[in-house]
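Hi everyone, thanks for making time. Let me put a structure up on the screen, and then we can walk through it together.

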Amino acid sequence: MSAFTAVLARDLRLAARRRVEALLPVAFFTVAVSLFPFGVGPEAQTLRIIAPGVVWVCALLAAMLSVTQLYATDHADGSLEQMLLCGESPVLIATAKALAHWLLTGLPLIVFAPLFGLMFDMRGESIAALTFGLVLGTPILSLLGGVGAALTLGLRSGGVLLILLILPLCIPALIFGAGAVGAVESGVSAQGHYSLLGALLIVTLLLAPWATAAALRISTE
Amino acid sequence: MSFYTFAAPSRFYQLAGWAIPWLWAAAIVLAAIGLYIGFFVAPTDATQGESYRIIFIHVPAAWISMVLYLAMAFWAGIGWAFKTRLSSMVARAIAPTGALFTFIALWTGAFWGKPTWGTWWVWDARLTSYLILLFLYLGYIALTEAIDDTRRADNAGALVALVGAVNVPIIYFSVKWWNTLHQGATVSMTAAPKMAQTMLTAMLIMTFAFWAYAFAVVFMRTRAIVLERERDAEWVAKQLKGERA
């Protein structure tokens, strides 16, 4: 367990030393979301309908853009190899890394999402559904992103490749996350969507760290 | 000589070279028969008129693309787990053909959808999950092409292919789980066929024609990959000299 907390603490400390860099995903998310009213038009009615989808897609893109750095710097300076050689389970390291990524990008998005809900003229219950969907869904993005980051380690144009590889797998989370808000909007319970998101989270939590560990072994051998 | 001797790239190269002309012949003959029955013999559909005839290309292509994905994931996984060289090469050779059939099924589906549903595309569960299959094929191809080290490319591709394999049952059951626009399965192993016998015959013949084509192309591509990867082996030099003479 100590390796887990050590990796987690190290990643958080590194992020704290590079504060601007750590805030970039949130800044990207903010700018991307704010572009939609310009592109689609400022009618409140339209914005309210597209808001959950916009927030989810931008959250997805922000997670994918930031996750490329998850292993890249450690790989470049050789510390990743040391981590894998130190005898601790690589699955544990992968989980700690994904958790650090979620704390640095997923959590701020969840905090900011209600604000964007208000800017897009959403009702209180819809904002609550959106936020709760993000709570369940953003860890899935960090976990899947970790697999992609490990696979594309040190490749030319690895970032674009990662997006091509991982985004198709993120579609279910996107559907049920945005669907929860749609259900609340049309006056139905969002319980089913939450259950499916929760199930997706459990499945990714059980499989993604192993896949990431396998990908790290392939990429560093 | 056991069956497994063909797992050696050199043996496979010879066997595939012998099989390819036969497979091409089978593909052309079967496609000619299947298309003739489908377009001239099979009756006009009671509800869809003539437009249903695209079924003879659409359905076999969709079947094959899904089976090819599973085959690709299977051989890639075998190559990763047991370090058998030929399996990884076969997996790499299957990917472009699978992507092609996925594209054909999507495109013919759009041509079919326009007259029957009045639209080229809907975001229905079957169509969407099938589009993801195309993305998975493209992702596999892009990843394996981006990595220069052969072994790393094979193993990384195997991981992606295996993870993506969860999508195939989702496509298959999508018409059952979500009752959306795409029609349910018309052909089933257990129930009596819900279409005229000639239609079913033409569709099955077209399926065999596509299979023969798929095998022929995959074998040709595997042979090329074998030559490329074994270029330093003695048998390749001998083989090429024999072919040139």
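Let's start with a term: a salt bridge here is a side-chain nitrogen of Lys or Arg within 4 Å of a carboxyl oxygen of Asp or Glu. Please keep in mind that this is a predicted model, where local features need pLDDT of at least 70, side-chain atom pairs count only at pLDDT 80 or more, and totals for chains, interfaces and linings use all residues. Residues are numbered from 1 along each chain as its sequence is written, chains are lettered from A and ligands numbered from 1 in the order in which they are written, and side-chain values use heavy atoms, leaving out hydrogens and water.

So, how many salt bridges cross the interface of chain A and chain B? The rule finds one. Its partners are A:R156 and B:D148, with the closest N and O atoms 3.1 Å apart.

On the chain A side, α8 gives the most residues to the part that touches chain B, namely six; helices are DSSP runs of H or I with at least four residues, numbered from the N terminus. That side of chain A divides into 13 nonpolar, two polar and two charged residues. By nonpolar I mean Ala, Val, Leu, Ile, Met, Phe, Trp, Tyr, Cys and Pro; Asp, Glu, Lys and Arg are charged, and the others, Gly among them, are polar.

Contact, meaning heavy atoms within 4.5 Å, takes 17 residues from chain A and 19 residues from chain B.

The largest share, four residues, comes from α5(B). Overall, the lining has nine nonpolar residues, one polar and no charged.

How values were computed:
Helices (H or I, at least four residues) and strands (E, at least two) are DSSP runs, numbered from the N terminus.
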